[in-house]
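I opened the model to look up how its chains meet. My entries follow in the order I made them.

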4 protein chains.
Amino acid sequence: MSHNTFGHLFRVTTWGESHGPAIGAVVDGCPPGVALDEADIQVHLDRRRPGQSRFTTQRQEADAVKILSGVFNDTSGRQVTTGTPIALEIQNTDQRSKDYGDIKDKYRPGHADFTYDAKYGIRDYRGGGRSSARETASRVAAGAVARKVLGGVTIRSALVQIGPHKVDRATWNWDEIANNPFFSPDRKAVETWTEYLDKVRKAGSSVGAIIEVVAEGVPAGWGAPLYGKLDQDLASAMMSINAVKGVEIGAGMSAAELTGEENADEIRIGNDGKPIFLSNHAGGILGGISTGQPIVCRFAVKPTSSILAPRKTIDKQGHDTEIITKGRHDPCVGIRAVPVGEAMMAIVLADHFLRHRGQTGR
Amino acid sequence: MSHNTFGHLFRVTTWGESHGPAIGAVVDGCPPGVALDEADIQVHLDRRRPGQSRFTTQRQEADAVKILSGVFNDTSGRQVTTGTPIALEIQNTDQRSKDYGDIKDKYRPGHADFTYDAKYGIRDYRGGGRSSARETASRVAAGAVARKVLGGVTIRSALVQIGPHKVDRATWNWDEIANNPFFSPDRKAVETWTEYLDKVRKAGSSVGAIIEVVAEGVPAGWGAPLYGKLDQDLASAMMSINAVKGVEIGAGMSAAELTGEENADEIRIGNDGKPIFLSNHAGGILGGISTGQPIVCRFAVKPTSSILAPRKTIDKQGHDTEIITKGRHDPCVGIRAVPVGEAMMAIVLADHFLRHRGQTGR
Amino acid sequence: MSHNTFGHLFRVTTWGESHGPAIGAVVDGCPPGVALDEADIQVHLDRRRPGQSRFTTQRQEADAVKILSGVFNDTSGRQVTTGTPIALEIQNTDQRSKDYGDIKDKYRPGHADFTYDAKYGIRDYRGGGRSSARETASRVAAGAVARKVLGGVTIRSALVQIGPHKVDRATWNWDEIANNPFFSPDRKAVETWTEYLDKVRKAGSSVGAIIEVVAEGVPAGWGAPLYGKLDQDLASAMMSINAVKGVEIGAGMSAAELTGEENADEIRIGNDGKPIFLSNHAGGILGGISTGQPIVCRFAVKPTSSILAPRKTIDKQGHDTEIITKGRHDPCVGIRAVPVGEAMMAIVLADHFLRHRGQTGR
Amino acid sequence: MSHNTFGHLFRVTTWGESHGPAIGAVVDGCPPGVALDEADIQVHLDRRRPGQSRFTTQRQEADAVKILSGVFNDTSGRQVTTGTPIALEIQNTDQRSKDYGDIKDKYRPGHADFTYDAKYGIRDYRGGGRSSARETASRVAAGAVARKVLGGVTIRSALVQIGPHKVDRATWNWDEIANNPFFSPDRKAVETWTEYLDKVRKAGSSVGAIIEVVAEGVPAGWGAPLYGKLDQDLASAMMSINAVKGVEIGAGMSAAELTGEENADEIRIGNDGKPIFLSNHAGGILGGISTGQPIVCRFAVKPTSSILAPRKTIDKQGHDTEIITKGRHDPCVGIRAVPVGEAMMAIVLADHFLRHRGQTGR
């Protein structure tokens, strides 16, 4: 909604730089009485943590979260939310002391170095400062709170494409995701990707990816026309993640190639009296409001801009120069974006759940 | 930002239904002293107006805008904005009286009929009510005000794909856009599209499209990390337009297939001391902040859901049934979305211009 | 919340100048299914309408409201809200054509003339433009919608002081309010005020007033610590009314003189199991949250600044000069502020009702 | 603006409970390049710190602030803001371990105990939890940042009334304020207050107070009609402080007793070409916009509700009971509200400075 706050009733404010003492989030507007302890959050942070395979950055961060406010024991001794702001904090422990001379004065192509300087006239250049992917840990922590609020809603996500290699949707298996370092739902893609990414990594290069996030169990009716559409807020949320360049709902960009007959999902009444949609090109959203079908959202992450090949750039003083970005970077930063996309979906849905309940009482 | 308001400092609130007495917008936060009269707005409304070719709905609307507040003559007698809310109003003149029995009780697949009922328990079914594409006239009117605020920024847009047929970017010519009913920048595509859409129209079918919006002259520095990113607000704005299912910035979804070397736009210093980017995969935005390059945004519009072919659906009472949607609909509603995309780009940029100036004084 | 919008979930945006073609309000976020027609609103506008006694301005305005959107007939044929924006519009009919030469170039002391020019460099000087008390008609119209949302809550207000003359609280009678042109709950005060105001009026002078607004039936629990306190939003709402200079909740400014024993309202359990407070110094709000007692709010309105006595001022060109403000002004503008205070109370409560329901589900 | 966030462009979010591990604030939207280190903030926290005289709570808190993000060294080595969120954190060090059995189950009259339970069904009862005056340390910290943004604006405040005893305005001396534990601008009042408060304290009672905050150096033009008025946002800010029951701008509630001639501040042109107002009943604000005169705001703080006298109340189980509140409380909590009022004034002004600059470019 504003600079560093996201959401309307369920609101998340994040703060912190890659190489400062800590990063964190304040979650405001959370309903009271929701069971919440640090383990509930840690499990999601652990999924995002770097250094877990050779395909993500080798930076080692414990990413241990502390809850500093907003929870208390209820009468049964269980720790629950109180309805007041939940402050979450994660210490930075592996800000490797190094020479930042290069990126201090040179603008890395594809990075926010130039634009931060253009906007603010100053930037914390250490490890990317505020624009570092490290900030996404705060999102994952806040998203874990949102999940607890959502109860019956299941949110999962998968990597569906790395470079030119897509998963085979015919063999999609959600259970597979925990078994490989790519969050791949397709066992066969794991081999292809391993081989492909090893090559990319050894070349000092990087590559992009596409992530798909699916929420099941969202009732019909969440969302709000016309400038609070559910898909609009999802697009905003996903596009706010570092390095994201495109967002799709349901059929997405390919909707351009569909005919009206193909696109308009037909409806039948199910045995339980609820509508059954015969397809889901809408991605579970019509007119900005949920249909009761799974919410399906995809986003593309550009390749890591930090690569070993020398790149033409300029320096702060306005001279042409070259830069090689060394350091502990991800050959495919899209991999670690998988839990981040889930978190953003959870935050958007929690917000719309409360907004819908506020306006309609349901 | 909220239900029917968009923007932070430059804020637009729209209201009105397809078949009510009028629709309108309130533009709040506009800088004072900006020359503005009804003709400045009308010219953009005229570009969007339906009934101008056989490829858009035959509904006939004058779409004549009235400014009801927020302007006054300055000392030189010129009408300018006063800094107070600008109320814009457009009468509905062609709400054809007809029998809505069919869509009153049946949910049109691909439309918001079912979801509005699920959310609110009631809906104005006449012509789609609030969810009608008619509402986009309010956006175009508000966007015209935003353009005046932006001064040196040029915002243009084009249709780049209809169904499977794309424009040839090698022959892109902005001047061509005013010469054809498709807003096509490629003269050759006009023939292909004419033939193709005639077939679609005669079959009572419809098809999707992709629109590209480009803003030139935006200085480096607009936008705000991390939840007020310029691309994020553009994604939100475009996804809020009826029937949009995907949004891309720069390389967009295809960023997934790029390598780091291909993606990271290299930089040189120009003769004027300003940076020159050797490519624009970033679409003019890095870290959520403008680079000074053209801002490039694309969005996909799904095919009009109102088609002549009978479709399976359910009624309000929960019975299986079929529906055929007659009426004056667009075979390719994406065509009329071209000026709407421009308007949303203008509103987002005007808002970020003021936000940037507020925080930094520049 | 922002320039011309008020509220969070139940949101009101107003627009329009005193001598433009019309004024209006857009009410967004209203729950669906609330019975609403123009008569529901008109009754409140009629209470505020000028020209009803010699103690308010003699401007004659019909103040007839039109609902332009956001309502529809439900299945029983009753007109109800649809949950989409409700556009309310009131034509200006008595913008007397006159010579504004004087206030065009001179700044009336006590008015916003100087500050609007200082801020915007331009202003619509006709009748005060945007800063005219005429704008409060939009608030009353929006407040009428809020009342319908609030159901069981009763909101009433009274004039409790004019100049030095206060009502006698011992003889307070709400029924008396409709019987006199002052909204006085004390029959005896009517005589005193009549005599006093006649003198003020004949002297071409004016005087201030205090209004008390009381809401009964608000359940315990509305409001939100710490920056969304119910009393804070009431203070904001009342202070936003033209000419208001002070706001009090419960004991108000006199709380400074109380001891802890006097101030802390003691509690007993009632026969219905609900708490009974033995006094109400808190004005029905503790920690920013409603207690279930009546919400009591007072605000002071300064005397009309437009008076017949000549006043020292400056002109736009920066010269010392004098001004006499002729025209159809209120000797005590506080009288007409009574229904406005009620309306603002209703809007704040409707917003907090929805916010509370959103966060807690109750 | 929302639950625990305040401000529009310069935004403050606070979190934390009285007896949790820490409290803090996130300041978002701060302009870049503003010199800021911990000492700049600590000096203001030290003024508010409890335990500095026998007239405030004896709780001993170091109130040492840490800046966790949003600052960096500029090229000259000075630590400045970067434009990204500034996280401020204060450890709680004196959460005395004690038996909270009494307030755990009984509702203290005048406290938020009952209303938090009514709203949330749960509360952190230790030391008042979120509703503790301890939270105001976060405001003071954030206000210190706002002051740095405001540059040429001087913000000072004074205690002007304790119980029935007011300062003598004829002998007002700002320099006196640092010389006494009451922030009194009147040396003579110190004796009266000392004697009076000693009596109150020994009786185990408490008493209310009035604070006056004055901002000098604010240029004409800040503020925004009609729902972003400067006085409205001040009223909101002051009323959000714990225990405040009334807010006044300029003449305040006494405006009711003034005539138009007395109230409307006359204007002359000064030697520097700037307007000179011959009085300041407006408190420096007309039509919601600053006049260039000093901004004058007062607020009343109710007496501390925690007193030694037994008070009738109820318990959670719904039984009548009595309570005596022991503990380390302030006989006049209004004293410590003086730096808090200053901080809130600074935050509101900083926000309006940026908002004004955003809209008008000045």
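Predicted model: local features only at pLDDT ≥ 70, side-chain atom pairs only at ≥ 80, totals over all residues.

**Notebook: chain contacts**

I then asked which residues of chain B lose the most area to chain C. They are Trp15(B), Phe72(B) and Ile122(B), together 20% of what that side buries.

I looked up the residue counts next. Chain B puts 39 residues into this contact, and chain C puts in 39 residues. I searched for salt bridges across the interface of chain B and chain C and found 0. The search for polar contacts there returned 6 residue pairs. On the chain B side, strands E2, E3, E5, E6 and E7 and helix H3 each supply at least two residues. E2(B) gives the most, with 5 residues. By class, I noted 15 nonpolar, 15 polar and 9 charged residues on that side.

How are chains B and C related? I superposed chain B on chain C: a rotation of 180 degrees with 0.0 Å of shift along the axis does it, at an RMSD of 0.0 Å. The two copies are thus related as by a two-fold rotation axis. I also compared the two sides. Of the interface residues of chain B, 100% are also interface residues in chain C, so the copies meet through the same surface.

**Chain B against chain A**

I turned to the other contact of chain B. It takes 109 residues from chain B and 108 residues from chain A. The buried area is about 8800 Å², with 58% of it on carbon and sulfur atoms. In chain B, Lys119(B), Tyr227(B) and Lys245(B) lose the most area to chain A, together 11% of what that side buries.

How many salt bridges cross the interface of chain B and chain A? I found 4. Glu266(B) forms a salt bridge with Arg311(A), and their closest N and O atoms are 3.6 Å apart. Polar contacts here come to 65 residue pairs. The chain B side holds 49 nonpolar, 40 polar and 20 charged residues.

I checked for strand pairing between these chains. E11 of chain A and E11 of chain B, residues 244-249 in each, pair antiparallel over 3 bridges. Val247(A) has Val247(B) as its bridge partner.

**Sheet in chain A**

My last entry concerns an open sheet of 5 strands, in the order E1-E2-E3-E7-E4, with antiparallel pairing. Its edge strands are E1 (5-6) and E4 (65-67). E3 and E7 of chain A pair over 6 bridges, and Ala22(A) stands opposite Gln91(A) in E7(A).

Note on methods:
Residues numbered from 1 in each chain as written. Chains lettered and ligands numbered in written order. Heavy atoms only, no water. Least-squares fit on C-alpha atoms with pLDDT ≥ 70 in both. Contact = heavy atoms within 4.5 Å. Buried area = accessible area lost by both parts, 1.4 Å probe. Salt bridge = Lys/Arg side-chain N within 4 Å of Asp/Glu carboxyl O. Polar contact = N/O pair within 3.5 Å; in protein donor to acceptor, adjacent residues only side chain to side chain. Helix = DSSP H or I, 4+ residues; strand = E, 2+ residues; numbered from the N terminus. Nonpolar A, V, L, I, M, F, W, Y, C, P; charged D, E, K, R; others polar. Pairing = 2+ DSSP bridges.
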